[in-house]
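This report describes a structure shown below. Please look at the sequence and the model before reading on.

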2 protein chains.
Amino acid sequence: MKLSLTQENLSHALGMVGRVVSNRSSLPVLSNVLLNADANRLRLAATNLELGINCWVGCKVDRAGAITVPARLFTELVSSLPSGTIDLTLNDTNLSLKTPHYQSQINGISADEFPLIPEIKTEPILTLPATVFRDAVQQVVVAASLDEARPVLAGVHLYIQDDKLIIVATDSYRLAEKKLPLGGVKTDGKLSIIVPARTMQELVRIIGDNSEAELNMYLSDNQIMFEVDTIELTSRLIEGQFPNYAQIIPSSTQTTVAIDTGEFGRITKVANLFARENAGSIRIEVKGEGQLNITSTASQVGENTSSADCEVEGDDNEVALNAKYLSEALGVVRSPKVSFAISGKLNPCVIKPLGKDEPSEYLHIIMPLRT
Amino acid sequence: MKLSLTQENLSHALGMVGRVVSNRSSLPVLSNVLLNADANRLRLAATNLELGINCWVGCKVDRAGAITVPARLFTELVSSLPSGTIDLTLNDTNLSLKTPHYQSQINGISADEFPLIPEIKTEPILTLPATVFRDAVQQVVVAASLDEARPVLAGVHLYIQDDKLIIVATDSYRLAEKKLPLGGVKTDGKLSIIVPARTMQELVRIIGDNSEAELNMYLSDNQIMFEVDTIELTSRLIEGQFPNYAQIIPSSTQTTVAIDTGEFGRITKVANLFARENAGSIRIEVKGEGQLNITSTASQVGENTSSADCEVEGDDNEVALNAKYLSEALGVVRSPKVSFAISGKLNPCVIKPLGKDEPSEYLHIIMPLRT
């Protein structure tokens with residue numbers, strides 16, 4: 001292998017693939033990044049066996065070849081170099097990196113030992129503007145479980161219904177659902193998969209602010225591949241049945257409040273300061289005259305009541321919620337005003353964006369705390 | 001106690017005193033901040049028994065009084081509130097905080113239990129522009145020891161000689177010294193103290209970008225007080241004899257290099273990537289024709305040579321240094337070009353700023369590593 005490319009391109013590509021590398025693996029090659037040069041491109045790849053990523057960079061290739069090198073060292077090295085051309089030359093398993101003022105020898109591990117990232121050679125099942133999908137995923141993935149005890153809850157469920165792509169996650173204490181109208185997008189209409197939340201977070205990061213790009217999704221039996229520009233993210237799917245969540249979405253609610261999202265977030269945050277020793281439990285009280293109060297009590301420390309003005313439809317009402325869940329929901333709702341519906345102490349609360357920009361294609365449900 | 005003040009002023013003052021609070025103390029009152037209102041000012045105070053801080057804030061006092069409240073909770077609460085007026089009212093040991101939309105009760109601990117921060121009622125021994133002192137301390141404190149095994153090395157030595165304030169620190173592997181010309185400043189010329197490095201770092205933070213302020217220093221037998229605007233930082237002094245360091249400052253050097261500070265820093269950083277498993281050891285080689293090379297080797301991983309152009313006075317020379325110490329020295333030297341002097345493998349290296357802005361009032365010495 002012998003090739004030249006710019007520091008900027010190599011550093012950017014390493015930043016894309018580097019996060020997938022597992023640093024604590026018992027298999028040393030998994031801490032490495034694969035460099036594989038063909039006619040005029042360099043492929044960088046990393047995998048943790050669940051999630052694999054390929055990223056292609058244009059370069060001038062004098063001699064094809066492949067090697068794996070320690071990802072962290074190589075990434076830090078390249079990112080510390082000044083901009084300009086970098087020459088990479090492979091001798092046996094020793095990679096030499098040269099710039100006018102820097103010269104490094106890095107001992108690699110043969111590319112033969114690098115695990116195969118499954119290739120999916122089919123037509124894309126779905127093509128969407130990448131940032132539209134990114135925004136939708138960000139609104140949903142927050143509700144996925146961090147606990148792998150029930151694998152389906154640590155995933156994001158994607159399915160198609162009524163010409164809409166539905167993206168949903170729940171950790172059983174809360175649920176977030178986003179519906180993306182598919183309009184002219186071609187699909188076979190039969191999609192129903194669960195993608196690990198970790199994969200979705202990685203995808204959000206990869207899309208970044210790349211506002212022009214298209215996102216292509218490819219599917220095989222137990223793998224999904226997301227393609228954005230010259231990057232491919234391949235992940236296993238989670239097997240199992242996603243909970244039938246339609247039944248927990250309330251068909252009607254008792255009291256609905258229209259409230260400023262930022263103000264609601266701020267009083268929740270303040271209430272949470274006093275709720276820490278109480279597992280984040282805060283009490284929300286809606287007064288018919290147009291006020292929402294949040295109270296929290298810490299036995300040792302003291303107590304707090306915060307309030308905000310709002311428009312109320314329905315009677316006085318109250319419920320206890322987890323402050324963190326409410327904060328996170330308000331953090332992703334993205335509209336300046338939000339609708340917040342309470343139906344007594346035992347029923348779930350429903351949060352929806354308000355305003356013209358966001359029709360009711362997003363909803364967030366939080367289960368009440370028993371007090 | 002009953003008073004009103006602005007959220008901005010209270011939040012700023014809490015930010016100043018809050019960092020001194022010790023959160024893991026066995027004495028609960030040390031986790032608290034003292035609020036003490038007299039005629040028209042509120043005093044905030046915190047102490048960890050070694051270091052104490054007082055900060056005064058102007059406010060409208062209806063009733064004087066004092067209480068201590070949990071510092072972390074109170075600081076987070078106030079910083080989360082919207083700007084505007086805050087009313088504080090004390091009932092027994094219960095502090096009530098009120099704004100139009102927020103209302104909190106915080107259980108405090110009686111102010112009587114708060115340790116006395118020693119008062120020093122003397123004339124200032126020294127008065128300087130605060131930012132001049134801050135810049136000098138930042139260049140020196142990096143060389144102080146983090147290890148309390150030899151207490152004097154965990155301090156910064158201040159003394160006056162030849163109408164200059166000399167600020168010096170050493171952890172025995174490196175030494176930094178800054179001389180501040182005192183010009184017209186009045187002093188009794190007999191200062192010689194050792195201030196804990198932690199105190200100096202706190203002082204740097206307190207001065208911040210407060211470019212207008214004067215810094216007053218007050219001294220008692222075993223305490224020093226720094227006064228900046230309405231803030232007083234009081235610290236114990238370290239007892240003992242600071243090492244007689246004059247003997248380790250080389251009177252002459254063999255080879256001196258003039259080199260771009262940023263470039264020198266960058267090649268040191270890259271070399272350090274390969275020096276990690278070798279305790280940060282890098283080899284610096286100066287070539288008479290005008291090049292400085294840094295090489296480092298990691299047995300498992302590979303090796304690196306980085307180089308930079310420079311002007312050389314003297315013969316070829318080389319030395320092994322700790323990359324972290326060199327990086328930190330280059331990080332505080334503050335001139336675009338730096339002079340770097342080597343005197344063989346066994347003698348210390350000397351780093352000095354170059355250029356008109358910084359005359360030779362700063363020097364940084366790094367001891368070589370035996371290889």
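## Terms and basis

Two strands count as paired if DSSP finds at least two bridges between them. Helices (H or I, at least four residues) and strands (E, at least two) are DSSP runs, numbered from the N terminus. This is a predicted model, in which local features need pLDDT of at least 70, side-chain atom pairs count only at pLDDT 80 or more, and totals for chains, interfaces and linings use all residues. Residues are numbered from 1 along each chain as its sequence is written, chains are lettered from A and ligands numbered from 1 in the order in which they are written, and side-chain values use heavy atoms, with hydrogens and water left out.

## The sheet across both chains

An open sheet of nine antiparallel strands runs in the order E23(A)-E19(A)-E20(A)-E21(A)-E9(B)-E8(B)-E7(B)-E1(B)-E5(B). Strand E23 (317–322) of chain A and strand E5 (60–63) of chain B stand at the edges with a single partner strand each, so one side of each has no neighbour in the sheet. On average, neighbouring strands of this sheet are turned by 15° against each other, direction ignored.

In chain B, strand E1 (residues 2–6) pairs with E5(B) in the antiparallel sense over three bridges. Opposite B:Lys60 in E5(B) stands B:Ser4.

## Chain A as a whole

Chain A contains six helices and 26 strands. Its C-alpha trace spans about 75 × 50 × 35 Å along the principal axes. Of the 371 residues in chain A, 54% are buried (under 20% relative accessible area, with a 1.4 Å probe and protein chains only).

Key:
Buried means under 20% relative accessible area, exposed over 50%, partly exposed in between (1.4 Å probe, protein chains only). Axes are lines fitted to C-alpha atoms, for helices over the stretch in contact, and angles run from 0 to 180 degrees between N-to-C directions.
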